Every structure is written in structure tokens, then in C-alpha cells.
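Subject: Structure handover

Hello,

Here is the structure I promised. Please open it before reading on.

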Amino acid sequence: MQIRLAQPTDAAQIAPLVGMIYRDMEMPVLAKVSDVDLLAMLTTLYQRPENLTDLAQTLVAVDDDQVLGVAFGHPAANEVAVNQLLREVSAAQSGFDAPLELGGETQPGEWYLSMLAVSPKAQGKGIGSQLLQALPAVAKDQGLSRLSLNVDDDNPKAAKLYHRQGFETVGKLVIGVHPYAHMVKKV
């Protein structure tokens, strides 16, 4: 298995993984959006270079040309631009009554892990851990010394993984309709 920066050709395989996260968040704007429209929007979003290696960075775990996991994040300083791109791409997608909007999830000076997902068929094989272990280099390449993420209070298994990887809870927030712990790791 290889951990590498995502390429536009990976988008169709990234979309269903990220789509799982959006569905778990139970965001009201997505309630009437079909899976087909959500996947189409996410495929378009993850074909955009600014979402892969520019404003944000997307890493994939790949085995035999199959994307088994994805880690998507960005420097906190880019949060507004990254979320504007999401808003623009979702607003242009059929099936969306309103654009998908996120924001207020980072703290200054952090490289923020917005999405971490592993294919259900590949879970339990250490892929999430390998993606997490690749992130300090990404943060350092961006001149940052802290990684951060938000974990849903209803996902203790993920919180346990993040604690094992050296993340510590430093605050709380609400995203969509769920309470989250804001976790940070110094790199």
C-alpha cells in the first residue's frame, strides 16, 4: 500500500469515502440531496487542484490502483477559501437546494484534518493510522507545527485512534447538529 497526494483521477474513488462523512454529519442541507448528486458534487470537488495540493491537501491510501482511504485537510489560514470552493461547487451541482457550507472549525496556526475516511472493506487494517502518520510532514511542509481535527462525540472509536496517535482534546464545538471535540497534536 502507498500513501500519496491525491490526483484528479482519484476523485471518483475519493467521493464515496468523503460522502460517508457528510452523511454521518446529518447536515440539514443534505437531507434532500440524493447520493448520486452528492457523489457527483464530491467528484467534481476532488478533481480541483486547489482541493488536492494547493489550498488544501488530500492524501490517499492506494493499493492496486484502489483508493482505500483518504485524508483531506488544509492550513487554518486557508479555511475560508477552502469552504468557498465547497460552497461554489455544491451550489453549481444539480440536486442541491442550497450550497453546502462549513466553517469555524479551525484555530490559527493549525493544519486542520477536515476528513479522514477508510473504505468499509478496508477498515481495521491500520490504513487510518498510516494516513495520520503521514500528516506531520504535510503540516511541516506548510510551515505549521500543530495538527488539529474535530471528532464527533458519538464516535469514541475514532477518538481512541486519535488519542493513540498523540492528539489531545483542547475544546468543544458543534458542527451541523453534532457536538465535536477539537483535538490537537504538536508536530
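Predicted model: local features only at pLDDT ≥ 70, side-chain atom pairs only at ≥ 80, totals over all residues.

Residues are numbered from 1 along each chain as its sequence is written, and side-chain values use heavy atoms, with hydrogens and water left out.

**Cores**
The largest nonpolar core has 36 residues. Such a core is a set of buried (under 20% relative accessible area, 1.4 Å probe, protein chains only) Ala, Val, Leu, Ile, Met, Phe, Trp, Tyr and Cys residues joined through side-chain atoms within 4.5 Å. Tyr22, Met41, Leu42 and Tyr46 touch the most other members. Helix α1 gives the largest share, 8 residues. A second, separate core holds 26 residues, including Ala71 and Val138.

**Helix α4**
Helices here are DSSP runs of H or I, at least four residues, and strands are runs of E, at least two, numbered from the N terminus. Residues buried in α4 include Val82, Leu85 and Leu86. The buried residues of α4 pack against α1, α2, α3 and β3, where contact means heavy atoms within 4.5 Å.

**Pocket**
The largest pocket is lined by 33 residues. A pocket is an open set of points on a 1 Å grid over the protein atoms alone, where a 1.4 Å probe fits, with protein on both sides within 12 Å along at least five of seven lines; lining residues have an atom within 4 Å of a point. Leu116, Ala117, Asn155, Ala158 and Tyr162 lie nearest its centre. Strand β4 gives the most to the lining, 7 residues.

Best wishes

How values were computed:
Buried < 20%, exposed > 50% of the residue type's maximum accessible area, 1.4 Å probe, protein only.
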